[in-house]
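Welcome, and thanks for taking a look at this chain. Below is a short briefing to read alongside the sequence and the 3D view.

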Amino acid sequence: MSYVDEVIESVVAKNPSEPEFHQAVKEVLESLRPVIEEKEEVYRREALLERIVNPERQFKFRVPWVDDKGQVHVNTGYRVQFNGAIGPYKGGLRFHPSVNLGIIKFLGFEQVFKNSLTGLPIGGGKGGSDFDPKGKSDREIMAFCQSFMTELCKYIGADTDVPAGDIGVGGREIGYLFGQYKRIRGVYEGVLTGKGLTYGGSLARTEATGYGLLYLTEELLKLNGIELAGKTCAVSGSGNVAIYAIQKAHQLGAKAVTCSDSTGWVYDPEGIDVEALKEIKEVKRARLTEYKKYRPNSEYHEGRGVWSVKVDVALPCATQNELLLDDAKQLAANGCIAVCEGANMPTTLEATEYLQQNNVIFAPGKAANAGGVATSALEMSQNSERLSWTFEEVDAKLQQIMVNITHNMNDAAKRYGQEGNYVMGANVAGFEKVVNAMMAQGIV
């Protein structure tokens with residue numbers, strides 16, 4: 001049995017009931033097979049793959065908090081510090097009922113390679129809780145965040161582990177978490193990113209993941225002789241990533257015609273109204289059923305269906321495994337030319353393979369959505385220097401990072417005779433840097 005197969009088998013056996021983690025490991029190692037086989041003897045002797053698929057450490061803790069009626073609730077908190085070979089652990093916190101250890105491990109594993117791809121000195125980690133912020137008052141959110149940070153603060157720090165936001169963790173939650181960290185530890189440091197502009201946050205951080213997705217999409221299409229301007233896009237989700245992906249698509253001359261949330265989706269043939277979407281989601285925190293009040297000519301549909309619309313480019317920006325094999329078939333049949341992932345692993349393995357086999361340009365999330373963590377690292381730099389850069393400075397750095405990622409994954413795929421296989425290219429480019437650092441630092 002090959003070394004890759006041995007490690008995949010071992011991961012599945014030792015981490016039962018963690019399908020998302022199995023999927024992430026399999027996708028990465030399968031695409032790295034030619035790279036690993038070149039140095040199989042060395043890697044096997046150094047147990048390199050075993051070290052890469054095992055987190056350096058993981059924490060699981062209870063989070064008790066009191067609601068507005070005086071009832072005590074108990075949630076579970078997680079932080080997985082996956083790999084710190086190239087810098088402090090960096091990765092978001094996710095507050096969502098679906099969160100479990102397997103999902104945090106899959107996200108942390110992906111984060112290792114994504115962070116490496118940015119070219120910035122940040123390792124990979126991830127965390128969160130099965131707490132659901134939906135429907136909670138500000139006081140309840142604060143109570144939960146303070147309890148969560150009371151435990152988490154023992155394991156993080158500006159040069160150790162720097163969390164950020166993710167699903168369910170926006171500016172409000174980061175503020176409460178930062179305040180509690182500062183109160184307990186008595187230090188004012190850049191321990192979290194995604195902070196407010198009045199206390200160490202970075203301009204362009206809010207827009208970064210969505211903007212970065214479009215910068216990479218535009219550059220990738222250009223490499224394939226295609227212009228993004230004039231194309232129609234389907235976007236899933238209606239959170240931070242989706243909103244700013246839609247905004248940047250419009251700025252670059254494309255037209256995004258869909259968005260979605262957990263109950264349904266919107267089709268607006270004239271292009272999604274970003275201001276209306278922000279009002280509904282960021283101000284009112286309401287459902288997308290409200291969208292029709294702003295745009296009477298739009299359509300609202302219950303359930304799934306974003307990928308049924310005929311578009312040129314698909315941008316999944318919601319959550320993992322939301323684009324299924326049937327969706328991939330529908331997109332390809334409708335003439336879709338590119339799928340670029342704005343979320344973490346939103347496309348199933350079967351759907352990814354189908355798209356690649358049917359000549360649809362496919363950019364994996366670890367490359368396409370790296371703009372968020374890249375800008376988080378830029379926020380860390382500003383915190384360390386006690387400086388603040390302008391929006392234009394941060395945006396220019398972000399655009400350059402995304403263009404570099406596009407060319408690095410393209411070049412890595414070419415080097416192994418797999419031109420156009422951007423999944424392999426992204427994994428190879430991210431893997432090589434991490435492995436070289438690990439080899440240089442000995443058996444740790």
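## A first look

Asn359 is exposed, with a relative accessible area of 71%; here exposed means over 50% relative accessible area, buried means under 20%, and partly exposed is in between (1.4 Å probe, protein chains only). This is a predicted model, in which local features need pLDDT of at least 70 and side-chain atom pairs count only at pLDDT 80 or more, while totals for chains, interfaces and linings use all residues. Residues are numbered from 1 along each chain as its sequence is written, and side-chain values use heavy atoms, with hydrogens and water left out.

**Two loop residues with positive phi**

- Asn359 sits in the loop between helix 14 (349-357) and strand 13. Helices (H or I, at least four residues) and strands (E, at least two) are DSSP runs, numbered from the N terminus.
- The phi angle of Asn359 is near 60°, a positive value in a residue other than glycine.
- Ala47 also has a positive phi, near 50°, and is likewise a residue other than glycine.
- You will find Ala47 in the loop between helix 4 (40-45) and helix 5 (48-53), where a relative accessibility of 27% makes Ala47 partly exposed.

**The chain as a whole**

- The chain holds 18 helices and 13 strands.
- For 444 residues, a compact globule would have a radius of gyration near 22 Å, and the 21 Å of this chain agrees with that. The radius is taken over C-alpha atoms, and the globule rule is 2.2 Å times the number of residues to the power 0.38.
- Along the principal axes, the C-alpha atoms fill a box of roughly 65 × 55 × 45 Å.
- Of the 444 residues, 57% are buried.
- Among contacts with a separation of 6 or more, 72% join residues 24 or more positions apart. Contact means heavy atoms within 4.5 Å.

- An open sheet is formed by 5 strands in the order 7-6-11-12-13, with parallel pairing. Two strands pair if DSSP finds at least two bridges between them.
- Strand 7 (255-256) and strand 13 (361-363) are the edges; each has a single partner strand, so one side of each has no neighbour in the sheet.
- Strand 6 (residues 232-236) runs parallel to strand 11 (residues 313-316), and 4 bridges join them.
- Across this pairing, Val235 stands opposite Leu315, and Ala234 has Ala314 as its bridge partner.
- Strand 11 also pairs with strand 12 (residues 338-340), in the parallel sense and over 2 bridges; there, Val313 stands opposite Ala338.
- In a regular strand, side chains alternate between the two faces of the sheet.
- In strand 11, Val313 and Leu315 point one way while Ala314 and Pro316 point the other way, and all are buried.

- Strand 8 pairs with strand 9 (residues 264-267) in the antiparallel sense over 3 bridges, and Thr258 has Tyr267 of strand 9 as its bridge partner.

**A helix pair**

- Helix 10 (residues 240-251) packs against helix 11 (residues 274-283) at an angle of about 170°, with their axes 10 Å apart. Axes are lines fitted to C-alpha atoms, for helices over the stretch in contact, and angles run from 0 to 180 degrees between N-to-C directions.
- That angle makes helix 10 roughly antiparallel to helix 11, a term for angles over 145 degrees.
- Helix 10 contributes Ile243, Tyr244, Ile246, Gln247 and His250 to the contact, and helix 11 contributes Val274, Leu277, Lys278, Lys281 and Glu282.
- By class, this contact has 5 nonpolar, 2 polar and 3 charged residues. Ala, Val, Leu, Ile, Met, Phe, Trp, Tyr, Cys and Pro count as nonpolar, Asp, Glu, Lys and Arg as charged, and the others, Gly among them, as polar.

**A buried helix residue**

- Ile141 lies in helix 7 (residues 138-152) and is buried, with a relative accessible area of 0%.
- Leaving aside neighbours within four places in sequence, Ile141 is in contact with Phe131, Pro133, Lys136, Arg172, Glu173 and Tyr176.
- Ile141 and Phe82 are 59 residues apart in sequence and 27 Å apart in space, C-alpha to C-alpha.

Key. Angles under 35 degrees count as roughly parallel, over 145 as roughly antiparallel, 65 to 115 as roughly perpendicular and the rest as oblique.
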